[in-house]
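Subject: Structure handover and notes

Hello,

Please find the structure below. My notes on what was found in it follow.

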Amino acid sequence: MTTLSVTQCDNELYIVASANGMGSLEVLHMSSGYNDPVNYTVNLGSILTAGTYSLTMVGINWGGPAAFVVTIDGTPYQYNNGSAPVGAVWTQTVSVNVSR
């Protein structure tokens, strides 16, 4: 099982999966603010077929602080900026092997 968890989202987070020769698939679109806690976990194998994917995370800030924490199979990926500009403030792409 390949798990993806989001525990912080201030303000808007997109996660898309892509593989060689394929377009992208939206895995997650989440919005939250005021540093309110979020708690979302999904088995990527329930969304994607087994295989190797590039997961691209895009964090968007609406103003003020921005913070994102995404954990994929126990490895955290995060961004935190107390005075981030408005717009896309964080992008990161990681490789993931999806299994059921």
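A nonpolar core, as the term is used here, is a set of buried Ala, Val, Leu, Ile, Met, Phe, Trp, Tyr and Cys residues joined through side-chain atoms within 4.5 Å. Buried stands for a relative accessible area under 20%, exposed for over 50%, and partly exposed for what lies in between (1.4 Å probe, protein chains only). The model is predicted: local features need pLDDT of at least 70, side-chain atom pairs count only at pLDDT 80 or more, and totals for chains, interfaces and linings use all residues. Residues are numbered from 1 along each chain as its sequence is written, and side-chain values use heavy atoms, with hydrogens and water left out.

The core

The largest nonpolar core has 29 residues, and those touching the most other members are Leu-4, Val-6, Leu-13, Ile-15, Leu-55, Val-70 and Trp-90. At least two core residues come from each of β1 (3-18), β2 (24-32), β4 (51-61), β5, β6 and β7. The largest contribution is that of β1, with six residues. Strands are DSSP runs of E, at least two residues long, and helices are runs of H or I of at least four; both are numbered from the N terminus.

Contact means heavy atoms within 4.5 Å. Apart from neighbours within four places in sequence, the contacts of Leu-13 include Val-6, Leu-28, Met-30, Met-57, Phe-68, Val-70 and Trp-90.

Aromatic rings

Rings of Phe, Tyr and Trp (its six-membered ring) count as a pair if their centres lie within 6.5 Å; planes under 30 degrees apart are called stacked, over 60 edge-to-face, and the rest tilted. Phe-68 belongs to strand β5 (residues 66-72) and Tyr-79 to strand β6 (residues 75-81), 11 residues apart. Phe-68 is buried, at a relative accessible area of 0%, and Tyr-79 is also buried, at 18%.

Which way are the rings of Phe-68 and Trp-90 arranged, stacked or tilted? Their centres are 5.8 Å apart and their planes at 15°, so the pair is stacked. Trp-90 lies in strand β7 (residues 87-98), so its pairing with Phe-68 in β5 ties together parts 22 residues apart in sequence. Trp-90 is buried, with a relative accessible area of 6%. Through these ring pairs, Phe-68, Tyr-79 and Trp-90 form a cluster.

Polar and loop residues

Asn-61 is in strand β4 and is buried, at 1% relative accessibility. A polar contact is a pair of N or O atoms within 3.5 Å; within protein, one must be able to donate a hydrogen and the other to accept it, and residues adjacent in sequence count only if both atoms are side-chain atoms. A polar atom of the Asn-61 side chain lies 3.0 Å from the backbone oxygen of Gly-64, and one lies 3.2 Å from the backbone oxygen of Pro-85.

Ser-32, in strand β2, is buried with a relative accessible area of 14%. Leaving out residues up to four places away in sequence, Ser-32 touches Cys-9, Asp-10, Asn-11, Val-38 and Trp-62.

Asp-36 sits in the loop between β2 and β3 (40-43) and is partly exposed, at 42% relative accessible area. Its C-alpha atom is 26 Å from that of Ile-47, 11 residues apart along the chain.

Regards
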